[in-house]
Amino acid sequence: MDGGRGVNNIESLAERLAELEKLVEELEDVSGSGVVDVLDQAVALLKDVNAHIEAGLLESEGEAQQLDDLLKKADFGLFDAALKELERPPGGPGGG
């Protein structure tokens with residue numbers, strides 16, 4: 001349903017994770033005054049990751065609502081009748 005956007009989002013998030021890992025390595029070598037800059041970069045990346053996740057959740061909610069609407073419109077009467085027929089014991093009332 002997403003036309004490949006999910007794969008792109010995963011790739012984008014994987015790139016952000018790689019960037020965060022680089023920042024972790026950078027933190028090990030940075031001086032005390034540079035820590036704030038590295039942490040600011042990390043916070044910005046995490047905000048971006050959060051925005052991607054929230055957008056994905058909203059998209060999923062929309063798709064779930066569309067599926068729910070379709071299911072509400074579907075008539076499962078024939079399937080229900082067939083299931084009832086299968087549930088009847090053989091030789092019982094109405095059974096074969």
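The model is predicted, so local features need pLDDT of at least 70 and side-chain atom pairs count only at pLDDT 80 or more, while totals for chains, interfaces and linings use all residues. Residues are numbered from 1 along each chain as its sequence is written, and side-chain values use heavy atoms, leaving out hydrogens and water.

Phe 76 sits in the loop between α2 (32-73) and α3 (77-87). The protein has three helices and zero strands, counted as DSSP runs (H or I, at least four residues, for helices; E, at least two, for strands) numbered from the N terminus.

One aromatic pair turns up, with Phe, Tyr and Trp (six-membered) rings pairing if their centres lie within 6.5 Å; planes under 30 degrees apart are stacked, over 60 edge-to-face, and the rest tilted. Phe 76 and Phe 79 form this tilted pair, 6.3 Å centre to centre with 50° between the planes.

| Residue | Relative accessible area | Class |
|---|---|---|
| Phe 76 | 39% | partly exposed |
| Phe 79 | 57% | exposed |

Among contacts (heavy atoms within 4.5 Å) between residues at least 6 apart in sequence, 52% join residues at least 24 apart.

Note on methods: Buried < 20%, exposed > 50% of the residue type's maximum accessible area, 1.4 Å probe, protein only.
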